[in-house]
Amino acid sequence: MKSNLSQLRSLILIGVFSIFVTTGCGLFEKEASINTAELVGLWTVSDADVVPQIGGLPIKNYFTDVMGMSGLEAEAFAAIYDTFLQESFGGTIEFKDDNTYIFQVMDAVEDGTWAINSDGNKIILDGGTSDEQIVSILELTKTTLKVSYDEISMEDLDENVDTPDVEVSMKIEMTLTK
């Protein structure tokens with residue numbers, strides 16, 4: 001059980017790390033098909049749907065099939081992880097008209113630059129850097145911004161250097177309001 005708690009701690013740290021990876025840069029495209037004036041301003045996350053997978057499996061299946069947990073244990077750990085992820089995706093992001101942004105979640109503050117791609121359907125955060133994040137715009141109005149993006153990382157979940165790292169992925173869909 002101690003090993004399972006250690007692995008859960010690792011998964012939670014991955015969730016927190018993934019939150020902070022959402023930063024980005026790029027040049028502003030004037031030909032964007034969206035009204036960038038609608039994007040500029042302070043947005044608050046009002047809803048987030050996060051679908052995590054480990055090693056290509058839904059979290060519960062990973063806990064039972066790979067970690068050998070019982071169905072009840074796997075459900076409990078998956079519920080804890082899901083609750084943590086949902087709570088972690090709160091916060092605000094302010095898109096400024098000088099193409100910079102400030103992202104605040106929990107007690108952390110990140111800043112960077114943003115751009116809209118030439119098709120006008122994606123926000124590029126910190127484009128051209130190792131922190132680049134591309135976010136698909138699902139909807140943008142004066143008061144609502146719906147986006148989706150994927151996070152993928154390779155993680156050492158069992159803290160054993162002799163075992164291979166495991167792919168941890170999250171599909172995230174967020175609704176933000178002004």
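User: Is D150 buried, partly exposed or exposed, and what is its relative accessibility?

Analyst: This is a predicted model. Buried means under 20% relative accessible area and exposed means over 50%, with partly exposed in between. D150 counts as partly exposed, because its relative accessibility is 45%.

User: Which residue forms a salt bridge with D150?

Analyst: A salt bridge needs a side-chain nitrogen of Lys or Arg within 4 Å of a carboxyl oxygen of Asp or Glu. For D150 the closest N and O atoms of the pair are 3.6 Å apart. The partner is K171.

User: How many residues apart in sequence are the parts that K171 and D150 tie together?

Analyst: K171 lies in strand β9, residues 166-177. D150 lies in strand β8, residues 144-155. The pair therefore ties together parts whose separation in sequence is 21 residues.

User: Is K171 buried, partly exposed or exposed?

Analyst: The partly exposed range lies between the buried cut-off of 20% and the exposed cut-off of 50%. K171 has 47% relative accessibility, so K171 counts as partly exposed.

User: How many salt bridges does a search of the whole structure find?

Analyst: K171 and D150 form one of them. The side chains of K146 and E139 meet in another. K60 and E75 also form a salt bridge. The search of the whole structure finds three.

User: In the pair K60 and E75, which helix holds E75?

Analyst: The closest N and O atoms of K60 and E75 are 3.2 Å apart. The pair links distant parts of the chain, 15 residues apart. K60 is in helix α3, residues 59-66. E75 is in residues 71-88, helix α4.

User: What is the relative accessible area of E75?

Analyst: K60, its salt-bridge partner, counts as partly exposed at 34% relative accessibility. E75 is partly exposed too, because its relative accessible area is 43%.

User: Which strand holds E139?

Analyst: E139 meets K146 in a salt bridge, at 3.7 Å from N to O. K146 is partly exposed, with a relative accessible area of 30%. E139 is partly exposed, with 31%. The place of E139 is in strand β7.

User: How far apart in space are E139 and N121, C-alpha to C-alpha?

Analyst: In sequence, E139 and N121 are 18 residues apart. In space, their C-alpha to C-alpha distance is 9.0 Å.

User: Where in the chain is D126 found?

Analyst: Strand β6 covers residues 122-125. Strand β7 covers residues 133-140. D126 is found in the loop between β6 and β7.

User: D126 is buried yet has no salt bridge, so which is the nearest side chain of opposite charge?

Analyst: D126 counts as buried because its relative accessible area is 9%, and the buried cut-off is under 20%. A salt bridge needs atoms within 4 Å. The nearest side chain of opposite charge is 13 Å away, and that is K96.

User: With which side chain does the side chain of D126 make a polar contact?

Analyst: D126 has no salt bridge. Its side chain does make a polar contact, at 2.9 Å. The partner is the side chain of Y101.

User: What is the phi of D126 near?

Analyst: Most residues other than glycine have a negative phi. D126 is a residue other than glycine, yet its phi is positive. The value is near 50°.

User: What is the phi of N99 near?

Analyst: N99 lies in the loop between β3 (92-95) and β4 (100-105). N99 counts as buried, because its relative accessibility is 14%. Its phi is a positive value in a residue other than glycine, near 65°.

User: Which residues gather in a patch of negative charge on the surface?

Analyst: D49 is in the patch. D49 lies in strand β1, residues 41-54, and counts as partly exposed, because its relative accessibility is 44%. The residues of the patch are D47, D49, D82 and E173.

User: What is the relative accessible area of L125?

Analyst: The place of L125 is in strand β6. L125 and A115 are ten residues apart in sequence and 6.7 Å apart in space, C-alpha to C-alpha. L125 is buried, because its relative accessible area is 4%.

Notes:
Residues are numbered from 1 along each chain as its sequence is written. This is a predicted model: local features need pLDDT of at least 70, side-chain atom pairs count only at pLDDT 80 or more; totals for chains, interfaces and linings use all residues. Side-chain values use heavy atoms; hydrogens and water are left out. Helices (H or I, at least four residues) and strands (E, at least two) are DSSP runs, numbered from the N terminus. Buried means under 20% relative accessible area, exposed over 50%, partly exposed in between (1.4 Å probe, protein chains only). Lys and Arg count as positive and Asp and Glu as negative; His and the chain ends are not counted. A polar contact is a pair of N or O atoms within 3.5 Å; within protein, one must be able to donate a hydrogen and the other to accept it, and residues adjacent in sequence count only if both atoms are side-chain atoms. Patches are made of residues with over 30% relative accessible area and no salt bridge: like charges are joined within 9 Å, nonpolar side chains (Val, Leu, Ile, Met, Phe, Trp, Tyr) within 5 Å. Accessible areas come from the Shrake-Rupley method with a 1.4 Å probe; for residues, only the protein chains shown count as cover. The place of a charge is taken as NZ of Lys, CZ of Arg, CG of Asp or CD of Glu.
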